[in-house]
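Here are my notes on this model, as numbered points. Please read them with the structure open.

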Amino acid sequence: MAPERESTRERTPAGATASTRPRPRLDQPRPPRRRLVPEWDPEAFGRLSERIARFLGTGRFIVWMTVVIIMWVAWNVFAPKDLRFDNYPFIFLTLMLSLQASYAAPLILLAQNRQDDRDRVNLEQDRKQNERSIADTEYLTREIAALRIGLGEVATRDWIRSELQDLMKELEYRKDGHHEHAIFPAERPRARDVDDR
């Protein structure tokens, strides 16, 4: 009875391979970890940066920026002293323009990088298309050369006409009774004119 009890009992791993942690399941994905840094979709962020960079490169942005700066300066020069929020050296305006420039530069660079990636993909596709076109052209060139070589061995219309005329003359000659001097086309030397090709 003692051996039966030992076989039914669960064995616990012992030694160097023993582990107290539960093993992760390999047939299921891990649950997402919580992060302190917020996550964002890089593609959506890239599209937004391209839209901003596209707007920054327009005349409308320059006009709006000029209007805002003129209103800012006019308000802080002509408004009553209690309502002014940025006095003459306009330090706050300088800070805002520096902040705008510090965000605009990376957004423009990100948009340019995305455009470079698209251009690289387009160039790669164009290169592959050109390679296929060159391969097709080479194939067609070889086929045309093979056809020209094959046509060199084909009887042309003029050659067939000349052969038929020779046969007609031969038959007329035979009909007249000159059998001994008749030369059949098979006995004639087989030479073709160069112009027949």
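1. Start with Tyr103. Tyr103 is exposed because its relative accessibility is 58% (buried is under 20% relative accessible area, exposed over 50%, partly exposed in between, with a 1.4 Å probe and protein chains only). Tyr103 sits in helix α4, residues 91-152 (helices are DSSP runs of H or I, at least four residues, numbered from the N terminus).

2. On the source: this is a predicted model, where local features need pLDDT of at least 70, side-chain atom pairs count only at pLDDT 80 or more, and totals for chains, interfaces and linings use all residues. Residues are numbered from 1 along each chain as its sequence is written, and side-chain values use heavy atoms, without hydrogens and water.

3. Next, the helix packing. Helix α2 (residues 42-56) packs on α4 at an angle of about 110°, with the axes 8 Å apart (axes are lines fitted to C-alpha atoms, over the stretch in contact; angles run from 0 to 180 degrees between N-to-C directions). So α2 is roughly perpendicular to α4 (65 to 115 degrees).

4. The whole structure holds eight salt bridges (a side-chain nitrogen of Lys or Arg within 4 Å of a carboxyl oxygen of Asp or Glu). One of them pairs Glu43 with Arg114, closest N and O atoms 3.2 Å apart. This pair links distant parts of the chain: Glu43 is in α2 and Arg114 in α4, 71 residues apart. Arg114 is buried, at 16% relative accessibility. Glu43 is partly exposed, at 40%.

5. Glu124 bridges to Arg127 at 2.4 Å between the closest N and O atoms. Both lie in α4, three residues apart, about one turn of the helix.

Terms used: Helices (H or I, at least four residues) and strands (E, at least two) are DSSP runs, numbered from the N terminus. Angles under 35 degrees count as roughly parallel, over 145 as roughly antiparallel, 65 to 115 as roughly perpendicular and the rest as oblique.
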